[in-house]
Amino acid sequence: MEALYPLAAVVAAYLLGSLAFAVLVSKVMGLADPRTFGSKNPGATNVLRSGSKPAAAVTLLLDAMKGFVPVLLVRLYGHAYGMDDGTVALVALAAFLGHLYPVFFRFQGGKGVATFIGVVFGVHWLLGIATGLTWLIIAFFFRYSSLASLVSAVFAPVYYLLGDRIAWYADTPVAAALFAMALLLAWRHRANIQRLMQGTESRLGAKKAS
């Protein structure tokens, strides 16, 4: 029976990740489906394009919680149910994949930035702060949300390894999961990467030409 707990945790994390809060929040608040305008990406940034900052903020928070809650719960209470660091890694990856490929929404999900940040906060709050600050610094100086997301995703596993035996004990499965999520996040941003290279990516706060 104990062997079923890790599997149940992974499945639950994926199903939680599959809740596309950008779509759900927009529907509850009477806004247009974010999959029908802008980048057509069901994420907080596209919800913001609807003109509702509260809806975008709620979406951002809920998307982050999808990664934070399952990882933190397994870290705090999983050991008693036979769930080790390998389960933490699998739960983190499952929640992230649920957001990218949600079973409830025809496997068409978002790019995973908020959920990734939630995961790293679940792994360790200092790791979350370091990753979040990296996003803010890159966004402030370069004004590209996509670039900030890519850089912070790459640095998260690096920070995790650098902090080993200083702020936490780094575990190989968790490090591997963080690297895998960084690669997946980069893949989901491939169009943004191409626009960055071409100099056509939109900047934060920039107004579109009428």
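**Salt bridges, a bent helix and a nonpolar patch**

Let's start with D164, which is partly exposed at a relative accessible area of 28% (buried means under 20%, exposed over 50%, and partly exposed in between, using a 1.4 Å probe and protein chains only). You're looking at a predicted model, where local features need pLDDT of at least 70 and side-chain atom pairs count only at pLDDT 80 or more, while totals for chains, interfaces and linings use all residues. Residues are numbered from 1 along each chain as its sequence is written, and side-chain values use heavy atoms, leaving out hydrogens and water.

**Salt bridges**

- Searching the whole structure turns up four salt bridges (a side-chain nitrogen of Lys or Arg within 4 Å of a carboxyl oxygen of Asp or Glu).
- D164 pairs up with R165, with 4.0 Å between the closest N and O atoms; R165 is exposed, at 66% relative accessibility.
- E201 and R195 form another salt bridge, and here the closest N and O atoms are 2.8 Å apart. E201 is buried at 9%, whereas R195 is partly exposed at 31%.
- D63 bridges to K66, their closest N and O atoms sitting 3.5 Å apart. D63 is buried, with 2% relative accessibility, and K66 is buried too, with 1%.
- Both D63 and K66 belong to helix α4 (residues 53-77), three residues apart, or about one turn. An α-helix has 3.6 residues a turn, so residues three or four places apart point the same way.

**Helix α8**

- α8 covers residues 145-162, which makes 18 residues (helices are DSSP runs of H or I with at least four residues, numbered from the N terminus).
- From first C-alpha to last, α8 reaches 25 Å, close to the expected 26 Å (1.5 Å times one less than the number of residues).
- There's a bend of about 25° at A156, with the proline P157 following within four residues (the bend is the angle between axes fitted to the seven residues ending there and the seven starting there).
- Both A156 and P157 are buried, and other buried residues of α8 include S146, L150 and Y160.
- The cover over α8's buried residues includes α6 (113-123), α7 (125-142), α9 (172-188) and α10 (190-198).

**A nonpolar patch**

- W125, L126, I129, L133, L136, I137, F140, F141 and F142 make a nonpolar surface patch of about 960 Å² (its residues have over 30% relative accessible area and no salt bridge, with nonpolar side chains joined within 5 Å and like charges within 9 Å; areas come from the Shrake-Rupley method with a 1.4 Å probe).
- L136, one of these patch residues, lies in helix α7 and is exposed at 51%.

How values were computed: Helices (H or I, at least four residues) and strands (E, at least two) are DSSP runs, numbered from the N terminus. Contact means heavy atoms within 4.5 Å.
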